Amino acid sequence: MSISLERIYNSFIDRKVPVQWADAAYPSLKPLASWVDDLIARLKFMHEWANLEGEKSMSSYWVPAFFFPQGFMTAVMQTYARAEKIAIDTLIFRTELRDFFEDDIKIVPKVGVNIHGIFIQGCRWDLDSK
């Protein structure tokens, strides 16, 4: 067995993402099993997005799936700026919190996008109160 394969094997035993994989992937501190689950979920999301049939956008975008989410958000603003013939530098994001999950979305907004997967720290979201 080569040194490279032995290092991968040892990473598996330690339940860590092999360095060779981490160097070619997105940054993550997750252990191996969670990392693989996350990778599969990201690939599934990207596959669904790439294979949309006749639709211009998804009902909701999973922001953590992006390696560089700022690029996605800038693209959303750029799309709006071009459609409305407004300078992108004059735009700001407006966030509307909704009391449902991505699976419950029935209407795709004409302007903007629905996103999900945002995490908050130091507090919690109470779905029962309005």
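This note sets out numbered points on the predicted model shown above.

1. Basis of the model. The structure is a prediction, in which local features require pLDDT of at least 70 and side-chain atom pairs count only at pLDDT 80 or more, whereas totals for chains, interfaces and linings use all residues. Residue numbers run from 1 along each chain as its sequence is written, and side-chain values rest on heavy atoms, with hydrogens and water left out.

2. Nonpolar core. Phe45, Met58, Tyr61, Trp62, Ala65, Phe66, Phe72 and Val76 form the largest nonpolar core, which has eight residues. Such a core is a set of buried Ala, Val, Leu, Ile, Met, Phe, Trp, Tyr and Cys residues joined through side-chain atoms within 4.5 Å; buried means under 20% relative accessible area, exposed over 50%, and partly exposed in between (1.4 Å probe, protein chains only). Strand E1 (61-62) and helix H4 (69-84) each contribute at least two residues to this core. Helices (H or I, at least four residues) and strands (E, at least two) are DSSP runs numbered from the N terminus. In soluble globular proteins, nonpolar side chains tend to be buried together.

3. Helix H4. The 16 residues of H4 should span 22 Å at 1.5 Å a residue, and the end C-alpha atoms are 23 Å apart, which agrees; the expected span is 1.5 Å times one less than the number of residues. Its buried residues are Phe72, Val76, Met77 and Ala81. These buried residues pack against H3, E1 and E2, contact being taken as heavy atoms within 4.5 Å.

4. Salt bridges. The count comes to five salt bridges, each defined by a side-chain nitrogen of Lys or Arg within 4 Å of a carboxyl oxygen of Asp or Glu. One of them joins arginine 94 to glutamate 96, at 3.1 Å from N to O. Arginine 94 is exposed, with a relative accessible area of 69%, while glutamate 96 is partly exposed at 48%. Elsewhere, salt bridges with shared partners join Lys30, Asp38 and Arg42 into one network.

5. Aspartate 38 and its partners. Which residue forms a salt bridge with aspartate 38 at 2.7 Å between the closest N and O atoms? The partner is arginine 42. Leaving aside residues up to four places away in sequence, aspartate 38 touches Tyr26, Lys30 and Trp62.

6. A second pair in H3. Glutamate 48 and lysine 44 form a salt bridge whose closest N and O atoms are 3.8 Å apart. Here too the residues are four apart in helix H3, so about one helical turn separates them. Glutamate 48 counts as partly exposed at 37% relative accessibility, and lysine 44 as exposed at 54%.

7. Nonpolar surface patch. Leu97, Phe101, Ile120, Trp125 and Leu127 make a nonpolar surface patch of about 550 Å². Patch residues have over 30% relative accessible area and no salt bridge, with like charges joined within 9 Å and nonpolar side chains (Val, Leu, Ile, Met, Phe, Trp, Tyr) within 5 Å. Accessible areas come from the Shrake-Rupley method with a 1.4 Å probe; for residues, only the protein chains shown count as cover. Isoleucine 120 is placed in the segment after strand E2 (115-116) and is partly exposed, with a relative accessible area of 47%.
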